[in-house]
Amino acid sequence: MTIVPVRHPWRWVASVVILIFVAMLVNTLLFSHVVRGGVREGRFQWGVVGHYLFVTPVLRGIEVTLELTVIAMIAGVVIGILLAVMRLSPSRLLSGAAWVYIWFFRGTPVLVQLFFWYLGIAYLYQHLTLGVPFGPALVTFNSNTLITTFVAGALGLSFNEGAYMAEIVRAGIISVDEGQSEAAASLGMSKRQMLRRIILPQAMRVIIPPTGNETISMLKTTSLVSTIAVVDLFQATQSIASTTYQVVPLLMVASLWYLLFTSIMTIGQYYVERYYARGSARQLPPTPLQRLRQALRRTPSTPVPALVTDTSIHHEGAM
Amino acid sequence: MTVPADTRPMVEARGVHKAYGRLEVLKGIDMTVGRGEVLCLIGPSGSGKSTFLRCINHLEKIDGGELCVDGELVGYREVGNRLYELKDREVCAKRAEIGMVFQRFNLFPHMSVLDNVTSGPVWVRRAASGASKDRARDLLARVGLADKVSSYPNQLSGGQQQRVAIARALAMDPKLMLFDEPTSALDPELVGDVLDVMRDLANEGMTMIVVTHEMGFAREVGDTAVFMDGGVVIEQGDPTQVLTDPKHERTRSFLAKVL
């Protein structure tokens, strides 16, 4: 008897439609031409894009963008953990203070906050002073020299990110079973040991995925600092465009770089998540690389019986 | 005036009260547990057995009465006629001397079995990692899990997890072990292994307070059985007497339901 598998006609239709779209996309990206100012040239001007991809101002802009992302995320995570612990504290004052912080920084747009750090601080406080509250001053700074545009950008992004990270960390801490802190307490662990050794490592499983999203989001949000005169990746491409009038190719330069870095982060996030999933999934699924290696090993001529491949997957996972 | 340390009871409770808001959970518990004694706490759920157990290592704060472990007040220091609440650090030091085993095991899932057992000695006592590991391997062998050293908790059965939890508590060399329904979350065929480990421990002279529904264990291993209901001790005494010939009607009706 022959077995007739179920047919999926709509799958075929959908595939054909998608293939047509892909063909159109490839065509318009690579092969179509257009006449601009009497000159016939490639629609997307890949040559121009390629030319500006690695020019020094763009590379310097990338440096600033990455620096801002790293600074804002590290500061954000530190502020977030601190605020999350404060919010979960039995002290009303501590949890209230954390609540007010989160309320304020989540309740105003980050663009407005950036302008506040850039313009507001120097306007409200011409001098910043380190000293005894209501008492003598030890050191005094001029606000305009202390808070450069880069510092204003870093401060704005960090304080804003702290508010979001606080909620993410808090959700992670709450997700850990109460029995864990009881068991840790019964062994005589202090609150700090409990948090660092028992609660946070387990909370990580809940904290990591949204933090990865936050990091990817932050990389793109840094482009807002171009509005307060920081020369980041976006501002660098914009200023080239303003002199060469090749606006669209330079937008593509910026986009390609942003895409590259978000892709790298996505891969990184995948492996970090795997690391913190240890102990929660009995057997982790193989990574794409491991699957590729298995597939390569399996291809040679004779097909391997299903049972044997199954065990080989197990061994791979166990390593 | 001072009683010699080795004849002093391990746990002494006098009129212990505990309330959550308006709900009174413990309404004056008197209990004495001698050194090397195995005391089994039985009673219906909600009777306050677990709460009382948790008061002993200060996981819960008592609202009234007096609770002493090894001759020292739980959670307070008596100076003159004042009670000073203990600092967090002092509470931790006291807890480190009392082992506790939970109904739902509460092993640390992100750590291997070996790391679970060494966590107390290494982090709390700051013991050398090598020596702690050797000790942990011995303890795991004692509970029959020598081959599970590098496993993670969720790769083990419930019974195995609970035995790891016992080894983890023993790694701190406790002077008192508290068991909070240690076999209630286990499949019936896994209960025996855990009870065997507890029986060995009792035979070695460990002071134990066991909240349990295992009447066979209470009768065989227990030195004392205490029946609690509604936040008070209804009756206590020799386990065989309490479990087979109870004096109180409440005890009798409870036993009729569980046996």
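This is a predicted model: local features need pLDDT of at least 70, side-chain atom pairs count only at pLDDT 80 or more; totals for chains, interfaces and linings use all residues.
A residue counts as buried when its relative accessible area is under 20%, and as partly exposed when that value is between this cut-off and 50%.

Across all chains, the structure holds 10 aromatic pairs. One of them joins F105(A) and F159(A), whose ring centres are 5.9 Å apart; the planes meet at 20°, so this pair is stacked. F105(A) belongs to helix α4 (residues 92-107) of chain A, while F159(A) belongs to helix α7 (residues 149-175) of chain A, so the contact ties together parts that are 54 residues apart in sequence. How accessible are the two partners? F105(A) has a relative accessible area of 12% and is therefore buried, whereas F159(A), at 25%, counts as partly exposed.

Turning to chain B, F227(B) and F254(B) form a tilted aromatic pair, with 5.2 Å from centre to centre and 40° between the planes. Here a strand meets a helix: F227(B) lies in strand β11 (residues 224-229) of chain B and F254(B) in helix α9 (residues 249-258) of chain B, so the pair links parts that are 27 residues apart in sequence. F227(B) is buried, with a relative accessible area of 1%, and F254(B) is buried too, at 9%.

The charged end of R168(B) sits over the ring of F108(B), at 4.5 Å from the ring centre.

Terms used. Residues are numbered from 1 along each chain as its sequence is written. Chains are lettered from A and ligands numbered from 1 in the order in which they are written. Side-chain values use heavy atoms; hydrogens and water are left out. Rings of Phe, Tyr and Trp (its six-membered ring) pair if their centres lie within 6.5 Å; planes under 30 degrees apart count as stacked, over 60 as edge-to-face and the rest as tilted. Helices (H or I, at least four residues) and strands (E, at least two) are DSSP runs, numbered from the N terminus. Buried means under 20% relative accessible area, exposed over 50%, partly exposed in between (1.4 Å probe, protein chains only). A charge sits over a ring if NZ of Lys or CZ of Arg is within 6 Å of the ring centre and within 35 degrees of the ring normal.
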